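Me: I would like to learn how to read a protein model. Could you take me through one, feature by feature?

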Amino acid sequence: MIKSGYFKKHLRVDLSSGQADWLDLSDSFIEEYVGGRGFGARLLWDHLRERDFKVDPRGPENLLVVAPGPFTGLYLPSSGKNSFISLSPATGLYGDSSMGGTFGVELRQTGIDLLSITGRAEELSILFIDNEKTSIIPFPELKGKSCLEAEGMIKKRLGSHAVSVAVIGPAGENGVNFACVNTDWSRNAGRTGIGAVMGSKNLKAIVARGDRDLPVHDLSALRAEAGQADSYLRSHPYFRLWQREGLMTVIDYANSIGILPTCNFKDSVFTHFEQINSQVMLDGYKIADSACFACPMCCGNICLVKDGRHGGVVTEGPEYESAAMLGSNLGVDNYAAILAANCLCDELGIDTISTGNLIGAVIEGYENGIITLDELDGMEITWGEEESILELIRKIAHREGIGDTLAGGAPAVIKRWPAMDELILQVKGLEQSAYDSRPALSMALAYATSDIGAHHTRAWTIAREMEEGRDWPLEKKIDLVIYHQTLRPLFDMLGACRLPWIELGLNERHYENFYRHVTGRERTLEQLLELSNRIYDLTRLINTRLGTTRKDDSIPFKVHSRPAMTGPNAGKVIDPEEFDRALSLYYKKRGWDDQGRVSPETAAAFEA
Amino acid sequence: MNERFKLTVIPELCSGCRICELACAVAHFGVNNPKKAAVRVLVAYPHPVIRMPVICSQCRKPPCGDVCPVNAIHRVGGVVKIDRDLCISCFKCLEACPFGAIYAHSDCPQPIKCDLCGGDPECVKACPKEAIRMIPEQALGETRRLGNLLSYTHMKEIEYFEKGEKKVIRYTEVGKEEL
């Protein structure tokens, strides 16, 4: 029996009618689905079933779920996470994306565990949740405003600095496939196009102000446990390095082991990596640390370009993914230019990963003669050319010229230029993130079987496989993928960040104790993982009902047929037959059939 | 506690994680609610980029005490304290504080104000960036003084080599003072 940890409230808003209802969450619901993406997946499943799975991701009937977890906002390491769940415009399948910062905390402090939104506002509006008071405020003046500018205007209009704003940029309004939701200036729920869902609902921002005590069963016991976790983190030899460099430290590492995407994954080492790495950032750009709520690790790096043609550009970031996708992957060897591109993406509200991936593909497509100069609107674009890259980013967000096609993501690009299928690294329509999977089968499998498409959020197994070597037994690789796909989403259900665990090795056992002290219910880590595993079954079930089959769990063309040219992994690709064997074994271990369908019993349990 | 110690913040170090708020609220109210803390981190961006923990300076001549109509605020042993029995909850002290370092919450009948936790503040212990510190009063401004000294412009420089490594000595010349 869950004794605490939840308000047991679900705020349901219909933007079409303006109706807002506070619903009660049942004990069995919070027991089974925990929070975050668990809540979102179940709500989406019910929503889609009621509509016979005929829902347009950009239609008013699509459901957007905003769900922090029971840990969000608590005094334990890195509890600032919050998930957005919806039918993804990018993949047409289950989609979710999480953000850090303070928005989830503020939202939870209004006294809810879950916010769900349907419908479409008549004109561009914001949803303001001020403790128990909910209002939908028409705000057409926000049209076309950048995330930062809109945030400022909203705060001014509401007359308070003490609110938290999750906002979309022009890209979200324009329905760009990979539009993100932005908060606290530069924290984003970046992937799967949640920003476009908000845009399609005429919802420019969700604003929260809450001051409730967060429910905790035994606060002193939680503090004792969290204190131990905290001491561990602070005494870790890499703690200070982490604070200083954050994820930027990965550039050197990824380059050294040959997994750094370079020139649209033509290569996996970048000759000029020393011009875009953490040392460059520390020497010339970083001006402050930045942390999400309750996080001692402060992985954010606020950077300022002090002079030159990008002089005056200031933003938080880039972190590894952005630096790699907008840097080495585009052949950009100038940190200031990466910063400018990152800043522009944040302002316009588009995902840096998809943006970098697609622009890389366009440059190679042009190089190979697939895309003509005319189709590029007469704008020549080659590797490392900052000006054209920045211009292309603007065009995507505003859907101008070639940007209109790119805004439709990988599927639209491939539809227009079928030959681009061989150049774009994507799975299920979602562009791949910045870890080259060609030297590591487990990473290729992780991308192929991720429920949202080619993103590393579900499983990041590459470091371990590179350590173990290519001859590491297949079975172990698959077990690791499944373990990651179970544990990592658990963090998204609980509302805590996974980085203390994955980066500094914080023992995951702490989380079963946190859970006990927060909810008053005894559950082992294994039991929590079982719940997370059920959600993975559920998202799979949603996806198969929407048409996903075995052939969609695929590897991109380059991964099996175009090896990196230089570096430690030159010449390495994934053998398609080996991948196929791995996929069969993966399904078997998951208890899915040979087509990747969950068992009839599992499906029946969710249908009941 | 030592009266000559001051709680001070170094905003340049602050990451904006708000752990100090959590630590304060847990210690004083026994609840997980950053909105019940006597310290708040204000965050501004992008112009200027700053994160600033705002907390009581325990002034010797506290303006909050000056405006208190029932004389409930006094500095005792280095801590400016609100006498909870005398306080009439008029919240004049919130407005009077030049730093905005006294707070209110709808659940709390009286103002929320830093009491230095009896001399060993929880926020200082909790801060992962050492951005909030207890330091002796006479050490306040030490960094600035040192910075000022090192950036003194009228220094002369000579270069020399030690074990093959180039080094620089900076010095001031007596009798060549400039005004």
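Me: Is B:Phe91 buried, partly exposed or exposed?

Reply: Some ground rules come before the answer. This is a predicted model, in which local features need pLDDT of at least 70 and side-chain atom pairs count only at pLDDT 80 or more, while totals for chains, interfaces and linings use all residues. Residues are numbered from 1 along each chain as its sequence is written, and chains are lettered from A and ligands numbered from 1 in the order in which they are written.

Reply: Now the general idea: a residue is buried if 20 or more other C-beta atoms, placed from the backbone, lie within 10 Å of its own, exposed if 12 or fewer do, and partly exposed in between. B:Phe91 has 14 other C-beta atoms within 10 Å, so it is partly exposed.

Me: Which residues does a cis peptide bond join in chain B?

Reply: One cis bond joins B:Tyr45 and B:Pro46, with omega about -10°. The peptide bond from B:His47 to B:Pro48 is cis as well, with omega near 0°. B:Pro46 is in the loop between strand S2 (40-44) and strand S3 (50-54) of chain B, and B:Pro48 lies in the loop between S2 and S3 too.

Me: How many residues does the largest nonpolar core have?

Reply: In soluble globular proteins, nonpolar side chains tend to be buried together. A nonpolar core is a set of buried Ala, Val, Leu, Ile, Met, Phe, Trp, Tyr and Cys residues joined through C-beta atoms within 7 Å. The largest one here has 233 residues, and those with the most contacts inside it include A:Leu44, A:Ala444 and B:Cys20. Its largest share, 11 residues, comes from helix H12 (residues 335-348) of chain A.

Me: What does B:Cys20 touch?

Reply: Two residues are in contact if their C-beta atoms, placed from the backbone, lie within 7 Å. Not counting residues up to four places away in sequence, B:Cys20 touches residues including B:Val39, B:Pro53 and B:Ile132.

Me: Why is helix H17 of chain A largely enclosed?

Reply: In H17 (residues 441-449) of chain A, 9 of the 9 residues are buried, so the rest of the structure largely encloses this helix. Its buried residues pack against several elements of chain A, among them strand S16 (426-427) and helix H19 (474-494).

Me: How many residues does each chain give to the contact between chain A and chain B?

Reply: Chain B gives 19 residues and chain A gives 24 residues. On the chain B side, 9 are nonpolar, 7 polar and 3 charged. Ala, Val, Leu, Ile, Met, Phe, Trp, Tyr, Cys and Pro count as nonpolar, Asp, Glu, Lys and Arg as charged, and the others, Gly among them, as polar.

Technical notes
Helix = DSSP H or I, 4+ residues; strand = E, 2+ residues; numbered from the N terminus.
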